[in-house]
Amino acid sequence: MRNQKNDNHILNECVLYFKQNAVWKRLFLGFEKKYYSYGKFSGRITLKNLSCSEIEELEGFFAESFHGKKSVTISSEKFEKALKNSKYSLVTPEEILTAFLGKTLLGKTEEVKQKEQKKKMVEEDFLTQFAKTPAVKCFALFNRILKSYEKNNLQQWHQFLWLCAKVYNALPYRKNQKLYLPVFAAEISGNPHAFDMGTTEGNILYQVILISLEQRGLVVESSGLFPAYKRQKSYLLAGILIDDISNYAILYQVRAMKKDRSEHQGMLGFFSEKNMVQVPLNIISEWESIECIDNEIYVVENPSVFAAICKEKSCMCMNGQPRLASILVLDLLAKSNVKVYYSGDLDPEGLLIAQKLRQYYRGNFVYWHMKLEDYRKGISQEYISDKRKKILERIKDEELLPVAEAIVEYGTAAYQENILEMFME
């Protein structure tokens with residue numbers, strides 16, 4: 001019977017012996033890799049570019065001459081034989097490798113088995129902990145978006161699974177609420193920036209939101225015209241506002257019906273008073289339909305032009321690049337079969353916005369004061385750079401092409417403010 005205390009003493013002495021020369025570390029690291037492949041101490045290790053001292057060290061242990069060799073191949077059998085003929089014969093190669101490397105040897109098959117056992121335990125724990133919550137049915141769906149972590153980092157996989165469940169269960173729409181993203185992030189993690197775009201957690205939040213929409217039978221189509229549309233609309237349907245303060249639409253002489261079929265009294269008041277109103281995304285998201293005078297609306301890019309045309313017709317100001325709030329208004333207008341008259345600046349960016357809006361709108365959409373004659377009357381002294389002119393290559397709408405060609409020819413932009421009197425006619 002082996003004496004455990006004596007064996008430990010011999011093993012410690014053995015490890016100290018092998019740590020005296022770096023050649024053994026090279027050899028044992030090689031055998032560690034072989035152990036991972038075969039699940040046992042096996043294989044052959046070739047040591048290259050050996051120094052004279054390393055050659056002498058190997059010769060001393062293996063009792064064999066390697067004189068003049070720059071590389072030596074050591075098999076597991078050769079090592080075991082030499083070990084049995086040494087004063088360390090009572091310890092095994094596996095014990096030496098474990099003690100020398102400071103970690104338990106693990107074969108690939110055993111590693112996979114252990115990993116599967118851990119994953120099974122995590123799944124069982126998940127199903128138990130979230131048994132009475134909506135997230136309990138989504139384990140496989142969460143795992144789908146965390147596949148890379150499941151393969152490479154079980155600890156993070158475990159952590160992010162719990163994050164998915166917490167987010168899924170706490171989405172504000174479940175309580176008919178709308179929360180700003182930083183507020184929601186603080187409630188979940190204590191950090192208002194936890195779900196910022198570009199972070200791993202931010203991406204996980206978006207993927208969980210898409211899962212929640214999928215489970216509710218909701219689909220938000222991607223829009224090549226407005227790349228941020230799908231993300232912003234998906235967050236909104238989950239009850240999360242990415243940016244409500246600067247995300248608004250400016251309206252005039254517009255009435256709105258809410259989803260409960262009642263009229264929005266605030267919009268009715270502004271309609272009656274003939275006042276323009278800046279409506280945040282949060283409010284627009286509660287509307288079911290929009291009513292405009294004569295079933296028409298005049299939409300312009302610039303606030304100063306908007307202010308000038310607000311008289312007897314329904315109007316909207318885009319105020320530059322269309323935000324989600326304005327796009328949702330367009331959706332409601334199309335639903336109500338409202339005819340849109342749109343006017344923007346006659347420069348590369350303005351033409352591209354106009355083209356995108358016309359392509360997006362599912363209804364009657366007419367360009368207003370965006371013809372060649374309008375360009376000539378509103379021309380400015382602002383030079384258009386070659387980089388900005390490149391944008392005009394994307395203009396394909398036949399009604400806008402004459403203006404695009406004129407911008408290339410003259411090299412300058414035309415602005416709505418320069419033909420303001422034409423809008424007021």
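A salt bridge is a side-chain nitrogen of Lys or Arg within 4 Å of a carboxyl oxygen of Asp or Glu, and the structure holds 17 of these salt bridges. The structure is a predicted model, in which local features need pLDDT of at least 70 and side-chain atom pairs count only at pLDDT 80 or more, whereas totals for chains, interfaces and linings use all residues. Residues are numbered from 1 along each chain as its sequence is written, and side-chain values use heavy atoms, with hydrogens and water left out.

**View A. A salt bridge between two loops, Lys274 and Glu312.** The closest N and O atoms of Lys274 and Glu312 are 3.2 Å apart. Lys274 lies in the loop between α13 (265-273) and β7 (277-280), and Glu312 in the loop between α15 (303-309) and β10 (315-317), so the pair ties together parts that are 38 residues apart in sequence. Here helices (H or I, at least four residues) and strands (E, at least two) are DSSP runs, numbered from the N terminus. Lys274 is partly exposed, with a relative accessible area of 41%, while Glu312 counts as exposed at 54%; buried means under 20% relative accessible area, exposed over 50%, and partly exposed in between, with a 1.4 Å probe and protein chains only.

**View B. A salt bridge between a helix and a strand, Lys335 and Glu288.** The side chains of Lys335 and Glu288 meet at 2.4 Å, N to O. This pair links distant parts of the chain, since Lys335 belongs to helix α16 (residues 324-335) and Glu288 to strand β8 (residues 287-292), 47 residues apart. Lys335 is exposed, with a relative accessible area of 52%, and Glu288 is partly exposed at 32%.

**View C. A salt bridge between two helices, Glu349 and Arg388, within a network.** The closest N and O atoms of Glu349 and Arg388 are 2.8 Å apart. Glu349 lies in helix α17 (residues 348-360) and Arg388 in helix α19 (residues 386-389), so the pair ties together parts that are 39 residues apart in sequence. Glu349 counts as partly exposed at 25% relative accessibility, whereas Arg388 counts as buried at 18%. Asp347, Glu349, Glu382 and Arg388 are linked in a network of salt bridges.

**View D. Gly411, a buried loop residue.** Gly411 sits in the loop between α20 (401-410) and β14 (412-414), and with 5% relative accessibility this glycine counts as buried. Leaving aside neighbours within four places in sequence, Gly411 is in contact (heavy atoms within 4.5 Å) with Glu382, Tyr383, Ile384, Lys389 and Ala406.

**View E. Strand β7 and its partner β5.** Strand β5 (residues 248-252) and β7 run antiparallel and are joined by 4 bridges, where two strands pair if DSSP finds at least two bridges between them. Leu251 stands opposite Val277 in β7. The covered face of β7 holds Val277 and Val279, and the uncovered one holds Gln278 and Pro280. In a regular strand the side chains alternate between the two faces of the sheet.

View F. The buried residues of α6 are Lys119, Val122 and Phe126.
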